[in-house]
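Work through the exercises below with the model open beside you. Try each task before reading its solution.

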Amino acid sequence: MDVLFNTINVQDLLSSSESPSLPLSAPDLRLLISRLDAHSLRIKSTVQSYLLSHHDEFASLFSQCCDVVSKSEQLSDNVSALLNLISDRPIEADVGRIAREIVERRREAREKKEILEFVGVVLELDRNFRVVMEDMNSGRVVKSAEGLRELKEALGVMGNGDVEAAVEGEPEVYGILKRQWTECFEEIQKLLVRFMENAVQFDQGGNALHIKHRTSKNGIDGLELSTVLKAMDVAGFLDYGLAKIADLIIKFVITPVVSCTMTPFIEEIDQDMEDVPEAVLKMVPSEGNKVGGEIMYSNILQVIEFINKFLFFHNGSWMCCFGRLTWPGMSDMIISNFLSKVVPDDASKLAEFQEVRKLTIDFETALKELMFISPSDVKHEKLSKFADNVEVHFASRKKVQILSKARNMLLQSNFSLPQDFVMKTSGVNKEQLSEDISNHVVLLFSSEKCVVSEAAKGLMELVHQTLKDVCLLPPKVGLEFYHTVRNALVLYEAVIPVKLQRQLDSINQAAVLIHNDCLYLSQEILGLAFEYRPYFPSSVKELAVFIDLAPRFQLMAEEVLQRQIQLVLHNLKQAIDGADGFQNTHQIKQFESAKFCIDQVAFIIEKVHIIWGPLLLPSIYEKSITMILEAVFSRIAKEILILDDMAAEETLQLQRLIHLLFEHLSSLLEPLLAVDRDDRDGFILSIRKLRKLAELLDMPLKSITEAWESGELSDCNLTSTEVNDFIRAIFTDSPLRKECLFRIENSNIR
């Protein structure tokens, strides 16, 4: 059989050994066909021989195949018969129905069992409710409270006395039971609170606190006070039950003791008696109303010890609950009525406060021993914390006092000088006058003197006094005082511009005083670091900065001054505008109008001189007034030079107006011109120009031309264009005028 599976190599069947890629010839093809036929016959013979030699094996194999086919047909017939049998009688439906009935019966049985168990639980709870109410009505209030607590846990009630509905998914009966529990809780709560109110009472007529250890109410006789407290504690509303008692004791006992108007006194009680029916704490009026720390703390402790012994029977838990209700109000009362009042007003007395601090700490320690306040909760140490921070409280109080004083000083200062001040300015040396004024100051970084407001001077005195205290105080207080000084200085910047807004919008002494104040404050602020910083505590020294405030006041001073200058210039502009360009002054009406404007200009400048002269620093005054005069002279000269046609009579009137202006301002100009300074070139040139213009108004044409050629007019700040326009406006057209204009235009003088 190997011949069947071997590969036939065609090349072996060919006779030639030529390349297999070459095409076959006809003889080769015939030879190939012949050899393939022979090979095929050999294969067939081999297969036949193999089949004949293995005949038995093949026969057995074919027999087995027939048996398998026969059995598969029989199995198919059996399956068909079974399917026919099942389809005729559906037994699986009966089995499924029976199984479902069994499951349903079991479920119903389980539900009935659960319902029976639930009904049993409800009946048990209802029985327990009846037991709780019976115990309460019989006076067994502790047992009743314990039963109520167990019912609360069983029902899953979250709050105390809050009506709750059934939670989603719970039976509705649970909501009914919870409401029943709430009603039962409220009834027990009301009963026990009435017992407490009956046991603890304050007799206002006799000023006495009565604590009865046995009380009767609602048919329950002789119920002990300790039993009532225990029942309230078990039921979980001890704080509610003690709330009214705590308010009563705070109002009628603690408050008078803290204010030292009453002194507590315990009535004689036989200590040998095991069963004390009633304890009485009398409140006796004090001899004096002065609050003293040692007496006050002692009296409060006496009250707390009385309450601990006769009301709570030395039970720390009950005492702690009472403390939570009363301590916040009591501590605030002690702080406001005593501790805050004994905080020193003077830094030198801070050491004396240490005795009060020791008394306060001992007082809180005693309260902790009585379990009135928690020994582990630092939040309850309010009094000792206040006493420990006395330096902060001292600084806080002083801060309020300093800022309040600074604010009142700024608001009450009227920024006005005496009425006879203006009268004194005439004929008196400015420095001599300043010596007579109480608010005269010398600037630190200048040799000049000026007048400031009472507010600025008082503010700096306050600042200096506060910074002296900083040098002596502890660092924490000193740092607070440092910030207070900065805030006080900034108050000036915040208050004064708002308070004097109307004065700043007009020309008056108040605006000038504000300017001087700002200069004075800026220089004083710059000097604070040099004067005090070396003596500050080290921690304050690292943080203390004043230099940043000085530029703010310097800028404010400049803004106020520039605002005043602009107001003056605006008023002068309006006055000069009234002259209508100084036209047609040869007419009487126009001349009178122009003369009035000159008088008004002189009046405004004189008013400014009277207000500014005695108050401003000399250098600032001279600089400001020369700026204003320069603007006035330049404007009048410009108005006259732009006139395009002037009659002879008109030139004389204009000259008269200019002379009138200089006559009015002569007393003002003389001291200004007496000092030769480089920064006044513009001012000097404006005066020269206007004076030269007055001379030109009645000068011949040739003289004007010669004056230009000599440089005299250019030295007075007159330009060739202005001179040419001036000549054309005064002189009529003529060969001489043309010649003079030509000479001026071609002159080398600029």
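Predicted model: local features only at pLDDT ≥ 70, side-chain atom pairs only at ≥ 80, totals over all residues.

**Exercise 1.** Find where asparagine 207 sits, and decide whether asparagine 207 is buried, partly exposed or exposed.

Solution. 
- Start with the place. Asparagine 207 lies in the loop that runs between strand 1 (200-203) and strand 2 (208-212).
- Check the backbone. Phi is near 50 degrees here, a positive value in a residue other than glycine.
- Now the accessibility. Buried means under 20%, and exposed means over 50%. Asparagine 207 has 24% relative accessibility, so asparagine 207 counts as partly exposed.

**Exercise 2.** How many cavities of 30 Å³ or more does the structure hold, and what lines the largest cavity?

Solution. 
- Count. There is one cavity of 30 Å³ or more.
- Size. The largest cavity has a volume of about 40 Å³.
- List the lining: Ala511, Val512, His515, Val560, Leu561, Gln564, Trp612 and Leu616.
- Assign helices. Helix 20 (509-532) and helix 22 each give at least two residues to this lining.
- Sort by class. Six lining residues are nonpolar, two are polar and none is charged.

Terms used:
Residues numbered from 1 in each chain as written. Heavy atoms only, no water. Helix = DSSP H or I, 4+ residues; strand = E, 2+ residues; numbered from the N terminus. Buried < 20%, exposed > 50% of the residue type's maximum accessible area, 1.4 Å probe, protein only. 1 Å grid on protein atoms, 1.4 Å probe; cavity = no way out; pocket = protein on both sides within 12 Å on 5 of 7 lines; lining within 4 Å. Points joined across faces, edges and corners; volume = space filled by probe spheres on them. Nonpolar A, V, L, I, M, F, W, Y, C, P; charged D, E, K, R; others polar.
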